[in-house]
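Subject: Structure handover

Hello,

Please find the structure below, with notes on what was found in it after that. Keep the 3D view open while you read.

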Amino acid sequence: MLEFLDYFRTERLPHIWCPGCGHGTVTGALVRAIDKLGLDKNNIVLVSGIGCSSRAVGYLDFDTLHTTHGRALAFATGVKHGRPSLKVIVLTGDGDCAAIGGNHFIHAARRNIDITTIIMNNSIYGMTSGQYSPTTPQGMFGTTAPYGNIEHPFDLCELAKAAGATYVARATSYHVTLLEELIEKALMNKGFSVVEALTQCPTYFGRKNKIGGPVELLNWIKDRTINVKAAAAMDPEKVKGKILIGELYRTERSEYTADYNEMAAKVQRTFADYEGGTRECASNSD
Ligand code: SF4
């Protein structure tokens, strides 16, 4: 039986996230979900890219890879390909995942490779001092949007669903119990799973947008969201403009590494048949 701190590299603590940052809350939810499921931590690989969120892997006592900007899913794909029996989890931010890593994101979803991706979306590049990101809401401010962001933001859950992910969910650093539950379900899905966690960056997003400190930001996030189950029973006019949280999409589709291994076995059988002289050429191998 592991204690909570057994999942952390305590010699690396205290962390260097700003006071009131939401990334620690999301990291805690992930650890509790892993613990509740009783997953073997020696069978888990955590992969991150670059950004404040990606620092999480430095504090977690698993096999971890802290990779280059936007490439967490590319490295994770390699790990999963090499050892499909491993549970591979990617921790990424909105800039890392949706900007420089956007192509890796859509192709990992398209392949339905068995990776759980947790996106800590605080709508800004925190580590590099507050530039607007692909998820900054229109009209909000950042250091590179001093007059307000004119771009339309990505809905990362809709993007994941359209690209082929088989489990898609969203919660926030305010709705911690829900976040834990959704991460658990994502970890149990055999395929590409995405949990978007809306979270707070008081240092840049809160300050640039004059929302206030961590508490005000958490309330701001809470007020913008509505549970998908509650929304289903409500007048659509009242749901308009709200961000849905909860389990948003789930389906079944064949998983990439399983398909790959099946294909590899078929190729090996075909070669064995050639060597045995029971087949003449590739064109009639089936
Ligand atoms: Fe968190 Fe923002 Fe500080 Fe980064 S800059 S650690 S995202 S509060």
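Which backbone oxygen does the side chain of Gln200 reach? The backbone oxygen is that of Gly20, at 3.0 Å. Please keep in mind that this is a predicted model.

Gln200 sits in the loop between strand 8 and helix 8. With a relative accessible area of 4%, Gln200 is buried, because buried means under 20%. The side chain of Gln200 also has a polar contact with the side chain of Ser173, at 2.6 Å.

Thr166 and its contacts

Another loop residue to look at is Thr166, between helix 6 (156-163) and strand 7 (167-172). Its relative accessible area is 1%, so Thr166 counts as buried too. The side chain of Thr166 makes a polar contact of 2.8 Å with the side chain of Asn112. A polar contact of 3.0 Å links the side chain of Thr166 to the side chain of Asn189.

Around the ligand

The residues surrounding the ligand are Trp17, Cys18, Cys21, His23, Cys52, Asn122, Gly126, Cys201, Pro202, Thr203 and Tyr204. Helix 8 (residues 202-208) gives the most to this shell, with 3 residues. Sorted by class, the shell has 7 nonpolar and 4 polar residues, and no charged ones.

Several cysteines are in that list, including Cys52 and Cys201. Are these two buried or exposed? Cys52 has 17% relative accessibility and so counts as buried. Cys201, at 9%, counts as buried as well. As for disulfides, a pair of cysteine sulfur atoms has to lie within 2.5 Å to count as one, and by this rule the count is 0.

The largest pocket

A separate item is the largest pocket, which holds about 350 Å³ of space. How many residues line the largest pocket? There are 23, and those nearest its centre are Asn121, Thr135, Leu198, Arg224 and Ile243. At least two lining residues come from each of strand 8 (193-198), helix 9 (214-224) and strand 10 (243-250). Helix 9 supplies the largest share of the lining, 4 residues. By class, the lining of the largest pocket divides into 12 nonpolar, 6 polar and 5 charged residues.

To get your bearings, start with Gln200 in the loop between strand 8 and helix 8, then go to helix 8 and the shell around the ligand, and finish with helix 9 in the lining of the largest pocket.

Regards

Terms used
Residues are numbered from 1 along each chain as its sequence is written. This is a predicted model: local features need pLDDT of at least 70, side-chain atom pairs count only at pLDDT 80 or more; totals for chains, interfaces and linings use all residues. Side-chain values use heavy atoms; hydrogens and water are left out. Buried means under 20% relative accessible area, exposed over 50%, partly exposed in between (1.4 Å probe, protein chains only). A residue is near a molecule or strand if one of its heavy atoms lies within 4 Å of it. Ala, Val, Leu, Ile, Met, Phe, Trp, Tyr, Cys and Pro count as nonpolar, Asp, Glu, Lys and Arg as charged, and the others, Gly among them, as polar. On a 1 Å grid over the protein atoms alone, a cavity is a set of points where a 1.4 Å probe fits but cannot get out, and a pocket is an open set with protein on both sides within 12 Å along at least five of seven lines; lining residues have an atom within 4 Å of a point. Grid points are joined across faces, edges and corners, and a volume is the space filled by probe spheres set on the points. A polar contact is a pair of N or O atoms within 3.5 Å; within protein, one must be able to donate a hydrogen and the other to accept it, and residues adjacent in sequence count only if both atoms are side-chain atoms.
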